[in-house]
Amino acid sequence: MTKTLANQVVDTLRAALSERNDFIPLHEPELGDTELANVTDCIKTGWVSTAGAYVGQFADKLAEATGTKYAAPTANGTAALHACFHMLGLGHGDEVLMPSLTFIATANSIFYTGAKPHFIDCDKDRLGVDAAKLDDYLETIGRREDEGVRNIETGGLIKALCVVHIFGHPCDMDPIQDVCDKWGLKIVEDAAEAVGSTYKGRKCGSLSDIAAVSFNGNKIITTGAGGGVISNDETLGPLAQHITTTAKRPHAYEFIHDYVGFNYRMPNICAALGVAQFDRLEGFIETKRKLFTVYEKVFAGIDGVSVLKEPSDSRSNFWINALIMDKPDEETRDVILSKANDAGIMLRPIWRPMHMLDIYKDNPRMPDLSMTEYHNQTVINIPSNPKLLPLLT
Ligand SMILES: *Cc1c(COP(=O)(O)O)cnc(C)c1O
């Protein structure tokens with residue numbers, strides 16, 4: 001009898017990771033001596049909170065790594081996204097187009113502004129926004145107006161598109177930019193997973209009007225919890241820095257706030273960790289790219305699954321590797337997930353699409369989200385911790 005696909009996948013992973021007997025998580029932070037020294041410095045000097053020299057250093061490194069002029073470090077990635085959408089002046093009656101296939105923060109941060117997340121489909125190979133399908137869709141439901149696109153079905157005004165570079169693989173931004181130019185839409189980049197990735201030689205986070213990144217513990221580099229708003233826009237960039245830090249005017253002692261801002265500041269102790277992590281970003285990317293190559297070899301002999309590749313026009317940071325089943329099959333997917341987790345190897349499905357969650361099921365959406373639903377049943381994330389590489393080769 002031939003082994004089932006589920007058994008083949010789990011046995012392959014188990015064999016590949018055999019030397020490691022403890023539980024293998026999907027991801028874990030890699031922290032070293034410089035991280036320890038920097039955090040210790042914060043503790044010894046008392047500079048643990050929202051003022052301190054590491055925050056500025058971190059902002060500079062963030063801008064450099066993402067090819068942007070302005071960076072505003074924040075408390076987490078969700079706060080950074082919220083600041084982005086807030087700055088677009090969104091409110092009730094407005095809509096923002098975004099992929100249904102993403103992490104919940106993308107939708108929530110739009111919802112916080114009063115606007116409605118409006119779900120669109122992804123493409124097959126990059127899992128990102130499908131520009132051609134978006135244009136066709138806008139042709140059927142949209143009417144171009146000065147401030148955006150009138151949704152003739154809901155009456156709402158579509159003001160922006162949010163793209164998400166899934167697992168660090170850049171979206172195909174050129175056609176996306178063309179569609180947004182045609183329809184007069186701003187682009188927000190959710191680059192939470194794509195720090196260090198490039199599209200046609202350009203850095204993710206610099207491919208849009210304004211972008212958000214995350215430095216949560218499971219991301220490619222971490223500040224514990226953290227994020228950032230980045231931009232090359234001369235208005236939005238400085239505004240992001242201002243409104244995420246309570247919109248306080250610089251003054252030696254007076255408290256003068258000229259806008260209802262947010263306390264989304266990144267603490268110095270987190271920035272201290274991040275300054276050390278940034279110096280290792282290229283190394284982590286190299287390791288993760290090698291991890292991909294090893295996984296590709298390991299799974300080459302198994303019919304029915306392949307490892308998600310980077311787009312040929314891009315250099316991905318391979319934040320988290322993904323297995324893609326050749327055919328959507330929820331039952332097999334679930335058997336693989338449960339067998340692997342029972343065997344101490346953490347695997348996860350891709351997020352449940354937003355339009356399939358009760359909280360967002362009534363939101364505006366493309367009627368055809370078939371590629372999203374297809375990939376909901378094909379994608380399985382596999383352990384992508386840089387520490388695994390020596391065990392795998
Ligand atoms: C991690 C992540 C976020 C949000 O980051 P937090 O720092 O956890 O708030 C947003 N979008 C995507 C796609 C993410 O993966």
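In this report a residue is called buried under 20% relative accessible area, exposed over 50%, and partly exposed in between, with a 1.4 Å probe and protein chains only. The structure is a predicted model, in which local features need pLDDT of at least 70 and side-chain atom pairs count only at pLDDT 80 or more, while totals for chains, interfaces and linings use all residues. Residues are numbered from 1 along each chain as its sequence is written, and side-chain values use heavy atoms, with hydrogens and water left out.

## Domains and their interface

The domain assignment divides the protein into domain 1 (2–29 + 281–392) and domain 2 (33–278); such bounds come from an automatic or database domain assignment. The C-alpha centres of the two domains are 25 Å apart. Across the interface, 41 residues of domain 1 are in contact with 49 residues of domain 2, contact being heavy atoms within 4.5 Å. The area buried between the domains is about 3,900 Å², and carbon and sulfur atoms give 65% of that area. Buried area here is the accessible area (1.4 Å probe) that two parts lose on being put together, summed over both.

Between domain 1 and domain 2 there are 26 residue pairs in polar contact, both residues being at pLDDT 80 or more. A polar contact is a pair of N or O atoms within 3.5 Å; within protein, one atom must be able to donate a hydrogen and the other to accept it, and residues adjacent in sequence count only if both atoms are side-chain atoms. On the side of domain 1 that touches domain 2, the elements giving two or more residues are helix H10 (281–299), strand S13 (314–315), helix H12 (370–376) and strand S16 (379–381). Of these, H12 gives the most, with 5 residues. Helices (H or I, at least four residues) and strands (E, at least two) are DSSP runs, numbered from the N terminus. The count of salt bridges between the two domains is 2.

## Salt bridges

A salt bridge is a side-chain nitrogen of Lys or Arg within 4 Å of a carboxyl oxygen of Asp or Glu. A search of the whole structure finds 23 salt bridges. Several pairs are listed below.

| Pair | N to O distance |
|---|---|
| Aspartate 313 and arginine 126 | 3.0 Å |
| Aspartate 11 and arginine 14 | 3.5 Å |
| Lysine 159 and aspartate 94 | 2.9 Å |
| Lysine 309 and glutamate 296 | 3.8 Å |

Aspartate 11 and arginine 14 are 3 residues apart in helix H1 (residues 5–16), and are therefore separated by about one helical turn. Aspartate 11 is partly exposed, with a relative accessible area of 27%, and arginine 14 is likewise partly exposed at 42%.

The salt bridge between lysine 159 and aspartate 94 has its closest N and O atoms 2.9 Å apart. Because lysine 159 lies in strand S6 (residues 157–164) and aspartate 94 in strand S2 (residues 94–99), the pair ties together parts that are 65 residues apart in sequence. Both residues are buried, with aspartate 94 at a relative accessible area of 9%. Not counting residues up to four places away in sequence, aspartate 94 touches Gly89, Ala115, Lys116, Leu157 and Lys159.

A further salt bridge joins the side chains of lysine 309 and glutamate 296. Lysine 309 lies in the loop between strand S12 (305–307) and S13, and glutamate 296 in helix H10, so this pair ties together parts that are 13 residues apart in sequence. Lysine 309 is partly exposed at 48% relative accessible area, as is glutamate 296 at 29%.

## Helix H8

Helix H8 (residues 236–243) has Leu236, Gly237, Ala240 and Ile243 as its buried residues. Seen down the axis of H8, these residues fall within an arc of 145 degrees, so they line one face of the helix; the arc is that of the directions from the helix axis to the C-beta atoms. The buried residues of H8 pack against strand S1 (70–74), helix H4 (77–87), strand S10 (210–214) and strand S11 (227–231).

## Positive phi values

Threonine 246, in the loop between H8 and helix H9 (268–278), has a phi near 70 degrees, a positive value in a residue other than glycine. Phenylalanine 318 also is not a glycine and has a positive phi, of about 45 degrees. Phenylalanine 318 is found in the loop between S13 and strand S14 (322–325) and counts as buried at 1% relative accessibility.
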